[in-house]
Amino acid sequence: MSRSRTSNSRKAQARRGIVVVVAGPSGSGKSTLVKRLLNEDRRLGWSVSYTTRPRRPGERNGRDYHFVSQAEFQRMIRRGEFLEYAHVFGLNYYGTGKNWIRQQIARGRDILLEVDLEGARSIRRRLPGAILVFIEPPSMAELKRRLRNRKTDTPQQIRKRLRTAEREMRAAREFDYAVRNDEIDRALNGLKYIVGAERLRVQR
């Protein structure tokens, strides 16, 4: 076989990265799971989302989110710079940058995303090979307790989040996997198994 043909064969067989999309109701613990998975799996890259919501204490721009103004977010929408975006509860925008993710998976890098239900649906349309993982709370009663204990939302916002959670739970069947987060270490192991299995998949 000629050197040129061998080179082309290797390029054709080059591994593309995988995109793992984690979603679930607010308060399900998905953010905690994502942070721990990133700390323990150095092969996973993290896509930092864009948002227009105010920065919370301890958050850093470029690490937790890219914090931008409403006007800048609208400009990015018009330029087609998002893989997905959403206007959450009619308050703030959240979005996932498109070009960086596509560059990373083309180079063989695995990427982890945390989005809401509509974001997961949008990514599935634009990246059919993405792996969708739904994080389930143990129960609605436990979800309500967690939201109250966070002390970041008003009672009205909590009620709205619980109504949204009920709708999201019904949509779990749209995902490839579901992980019940009743105990953090057990749920984390579930996520690890999913990522490991998808890395070994022969055909994507």
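User: Before we start, what counts as a salt bridge here?

Analyst: A salt bridge is a side-chain nitrogen of Lys or Arg within 4 Å of a carboxyl oxygen of Asp or Glu. This is a predicted model, where local features need pLDDT of at least 70, side-chain atom pairs count only at pLDDT 80 or more, and totals for chains, interfaces and linings use all residues. Side-chain values use heavy atoms, with hydrogens and water left out, and residues are numbered from 1 along each chain as its sequence is written.

User: Okay, which residue does Arg-146 form a salt bridge with?

Analyst: Look in helix α6 (residues 140–150), where the two partners sit 4 residues apart, about one turn of the helix. Helices here are DSSP runs (H or I, at least four residues), strands are too (E, at least two), and both are numbered from the N terminus. The closest N and O atoms are 3.0 Å apart, and the partner of Arg-146 is Glu-142.

User: Is Arg-146 buried or exposed?

Analyst: Buried means under 20% relative accessible area, exposed over 50%, and partly exposed in between (1.4 Å probe, protein chains only). Arg-146 has a relative accessible area of 17%, so the label is buried.

User: Which residues are linked with Arg-15 and Asp-110 in a network of salt bridges?

Analyst: The structure holds 18 salt bridges. In the network, Arg-15 and Asp-110 are linked with Asp-41 and Arg-199.

User: What about Arg-79: which residue does its side chain meet in a salt bridge?

Analyst: Arg-79 is partly exposed, with 47% relative accessible area. The N to O distance is 3.3 Å, and the partner is Glu-72.

User: Zooming out, what is the radius of gyration of the protein chain?

Analyst: The chain has 8 helices and 9 strands. The radius is taken over C-alpha atoms, and the globule rule is 2.2 Å times the number of residues to the power 0.38. For 204 residues that rule gives 17 Å, close to the value here, so the chain is as compact as a globular protein of that length, with a radius of gyration of 18 Å.
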